[in-house]
Amino acid sequence: MPIQQVSKEYIAIDPDYCCGKPRIVGTRITIAAIAKMYLEMGESLEEIASEYDLSKAAVYAAMAYYYDHREEIERHTAESEALVEEMRRNSPPSPLEARLKAIRGE
């Protein structure tokens, strides 16, 4: 009997959603977001599942995927953060930011 791969029911990668980042199927919640909530913010996987109306299996699958692809996910996250920071530095302040700076005397 050939081996069947059955673990693709929870994780999707689609270039048309979330910039091609791995996410939970049927949502726009990325694996990186689940990992951040769990590892950095200290939320339990059960809390995450409840808060976002996800199955526990999907959340646990997300963390399993994260641990299997940790370097890739962290590299992609760092690249995205660097791009956002570069755009922020190279963009003029919004009208609201300019008004707030004027009020503060900056």
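Q: What radius of gyration does the protein have, and what would a compact globule of 106 residues have?
A: In this predicted model, the protein has a radius of gyration of 19 Å, whereas a compact globule of 106 residues would be near 13 Å. The radius is taken over C-alpha atoms, and the globule rule is 2.2 Å times the number of residues to the power 0.38.

Q: And what box do the C-alpha atoms fill?
A: Taken along the principal axes, the C-alpha atoms fill a box of roughly 75 × 25 × 25 Å.

Q: How should I read the numbering and the cut-offs here?
A: Residues are numbered from 1 along each chain as its sequence is written. Because the model is predicted, local features need pLDDT of at least 70 and side-chain atom pairs count only at pLDDT 80 or more, while totals for chains, interfaces and linings use all residues, and side-chain values use heavy atoms, with hydrogens and water left out.

Q: OK, how many helices and strands are there?
A: There are 5 helices and 2 strands, and from the N terminus on they run β-β-α-α-α-α-α. Both kinds are DSSP runs numbered from the N terminus, with helices (H or I) of at least four residues and strands (E) of at least two.

Q: What share of the residues is buried?
A: Of the 106 residues, 25% count as buried. Buried means under 20% relative accessible area, exposed means over 50%, and partly exposed lies in between, with a 1.4 Å probe and protein chains only.

Q: How many buried residues does α5 have?
A: Helix α5, which covers residues 95–104, is hardly covered, and the count of buried residues among its 10 residues is 0. Just after α5 comes Gly105, which takes a positive phi of about 80°.

Q: Which residues have a positive phi although they are not glycine?
A: Cys18 is one of them, at about 55°, and Asp53 is another, also at about 55°. Cys18 sits in the loop between β1 (11–12) and β2, while Asp53 sits in the loop between α2 (45–51) and α3 (56–68).

Q: Is Cys18 buried or exposed, and what about Asp53?
A: Cys18 counts as buried because its relative accessible area is 12%, whereas Asp53 counts as exposed because its relative accessible area is 72%.

Q: What is Thr30 in contact with?
A: Leaving aside neighbours within four places in sequence, Thr30 is in contact with Cys18, Lys21, Pro22 and Arg23, where contact means heavy atoms within 4.5 Å. Thr30 lies in the loop between β2 (23–24) and α1, and with a relative accessible area of 14% Thr30 is buried.

Q: Why does Leu39 count as partly exposed?
A: Leu39 counts as partly exposed because its relative accessibility is 39%.

Q: Last one: where is Thr77, and what does its side chain reach?
A: Thr77 is in helix α4 (residues 70–90), and its side chain reaches the backbone oxygen of Ile73 at 2.9 Å. Thr77 is also 7.5 Å from Ala32, C-alpha to C-alpha, although the two are 45 residues apart in sequence.

Conventions. A polar contact is a pair of N or O atoms within 3.5 Å; within protein, one must be able to donate a hydrogen and the other to accept it, and residues adjacent in sequence count only if both atoms are side-chain atoms.
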